Amino acid sequence: MEAKTSSRKNPGIITIERHILHEQESFPDATGALTQILYSLALAGKLIASRTTRAGLADILGSAGEENIQGEEVQKLDIYANRTIVQLNNHTGRLAVMASEEEKDIIPIPDRHPTGKYVLLFDPLDGSSNIDYNVSVGTIFAIYRRKSASGRGTLEDVLQKGADVVAGGYMVYGSSTMLVYSTGNGVNGFTLDPNIGEFLLSHENIRLPEPGKYYSANQGYTKYWTEGIQRYTRWLQGEEGAPRSLSLRYIGSMVSDIHRTLLSGGVFYYPSDTRDPKKPHGKLRLLYEAVPMAYIIEQAGGYGSTGRGSILDVQPTDLHQRTPLFLGNKDLVEKAEEFIAEYDD
Ligand code: AHG
Ligand code: MN
Ligand code: MN
């Protein structure tokens, strides 16, 4: 039987450091600060991966008392991930301010450290409710230029539109650990070789395949969805006059669901629902979940929508505000907007 040749030409051995440096060359006024921030996120990914791939073990060892074998206090993984990213970035003089899903307010750069011209937003561990079931989890990040002139960054520096992102991406800790990022020139994926501790280029210039293969949503909430979303879901299943039906995949870790959507094509959506009147805009957070993932999907030729317009055009007003989210192939996401416009408005 003829060996199946990979459809991707072998990019050779390109480490993420070499790739980021090469990307930096397309920014004439680059000082290397953005490059260093991306390096620090890659390092955070290696540290977090080393913990998430033995979470169950750590829990068993940690449960022997308050301390685990390294003599450390047992950390919840998302707190560990959060602490790792903050500590790798709060003293480098490259950031004006940070913000995290895990922290109520913005994270100022300590007075004893210099500030810089970038802003880092992140979800340190996405999908953490799944970690105990050995389901993939991830880290999501977005980087902006500061808006304030100097000194400690402000909330205004953090509440920027996704259209102004300068770099974004995610790590996914699954069957392998991958880092996927963009600085505005397309999307590239790197796989961690744990034997040498390097992220190596494995998915060059990722483009959303057409036509999209899977739809991805938590259909357990169907009865709480609007009529437009219920009809849209039936359309994806081949009803409502649809030309074809898509297969369903839902992991419940957004990073994994969107990573699969990026590589297979399709649509991921987490719409608003009527379960909790206190959360009328769905569960996912705009700043450090929806925006970075919409940025990546759009850099790969897709589209990210709130259901009524581009995610990247939303002007944030609150650090942890939530938004409905539709990400994937443009035709599939625009179809959702059509159903919402026709039945929900
Ligand atoms: P986080 O773990 O950062 O709070 O995010 C979890 C999110 C996201 O990963 C996923 O898409 C969604 O929760 C799943 O929610 P449901 O269980 O309601 O489907
Ligand atoms: Mn999350
Ligand atoms: Mn999280």
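Q: In this predicted model, how close do the axes of helix α6 (residues 227-236) and helix α9 (residues 330-343) come, and at what angle do they cross?
A: The axes of α6 and α9 come within 8 Å and cross at roughly 140°. An angle of over 145 degrees would count as roughly antiparallel, and α6 and α9 are therefore oblique to each other.

Q: In which sense does α6 pass α9, right-handed or left-handed?
A: The crossing of α6 past α9 is right-handed.

Q: How does helix α2 (residues 33-52) lie against helix α4 (residues 77-89)?
A: The axes of α2 and α4 come within 10 Å and cross at roughly 155°. That angle makes α2 roughly antiparallel to α4. As α2 passes α4, the crossing is right-handed, and the residues of α2 that meet α4 include I37, L41, A44, I48 and R51, while those of α4 include L77, Y80, T84 and L88.

Q: Turning to the strands, in what order do the 8 strands of the open sheet follow one another?
A: In general, strands of a sheet pair through backbone hydrogen bonds, either parallel or antiparallel. Here the 8 strands form an open sheet in the order β2-β1-β3-β4-β5-β6-β7-β8, and the pairing is mixed.

Q: Which strands stand at the edges?
A: The edges are formed by β2 and β8 (198-203), each of which has a single partner strand, so one side of each is left without a neighbour in the sheet.

Q: Which strands does helix α2 touch where it packs on the sheet?
A: Helix α2 touches β1, β3, β4, β5 (167-173), β6 (177-182), β7 (188-193) and β8, and its direction makes about 165° with that of β4.

Q: How does β1 pair with strand β3 (residues 118-126) and with strand β2 (residues 107-108)?
A: With β3, strand β1 runs parallel, and 5 bridges join the two; within this pairing M98 stands opposite L120 in β3. With β2, strand β1 pairs in the antiparallel sense over 2 bridges, and here V97 stands opposite P108 in β2.

Q: Is strand β1 (residues 95-100) buried or exposed?
A: A residue is called buried when its relative accessible area is under 20%. In strand β1, 6 of the 6 residues are buried, so the strand is largely enclosed by the rest of the structure.

Q: How many residues of helix α8 (residues 286-299) are buried?
A: In helix α8, 12 of the 14 residues are buried, so this helix too is largely enclosed by the rest of the structure. The buried residues include L287, E289, V291, M293 and I297. After α8 comes G301, whose phi is positive, near 95°.

Q: Which residues coordinate the manganese ion (ligand 3)?
A: The donors are E101 (OE), D123 (OD) and L125 (O), at 2.2 to 2.3 Å from the manganese ion (ligand 3), and their spacing in sequence is E-x21-D-x1-L. E101 lies in the loop between β1 and β2 and D123 in strand β3, so the pair ties together parts that are 22 residues apart in sequence. Both E101 and D123 are buried.

Q: Which residue bridges the manganese ion (ligand 2) and the manganese ion (ligand 3)?
A: The bridging residue is D123, and the manganese ion (ligand 2) and the manganese ion (ligand 3) lie 3.6 Å apart.

Definitions and conventions
Residues numbered from 1 in each chain as written. Chains lettered and ligands numbered in written order. Predicted model: local features only at pLDDT ≥ 70, side-chain atom pairs only at ≥ 80, totals over all residues. Heavy atoms only, no water. Buried < 20%, exposed > 50% of the residue type's maximum accessible area, 1.4 Å probe, protein only. Helix = DSSP H or I, 4+ residues; strand = E, 2+ residues; numbered from the N terminus. Pairing = 2+ DSSP bridges. Donors = N, O, S within 2.8 Å, 3.2 Å for Na, K, Ca; no water. Axes fitted to C-alpha atoms, helices over the stretch in contact; angles between N-to-C directions. Parallel < 35°, antiparallel > 145°, perpendicular 65-115°, else oblique. Left-handed = near helix turned anticlockwise from the far one by under 90°. Contact = heavy atoms within 4.5 Å.
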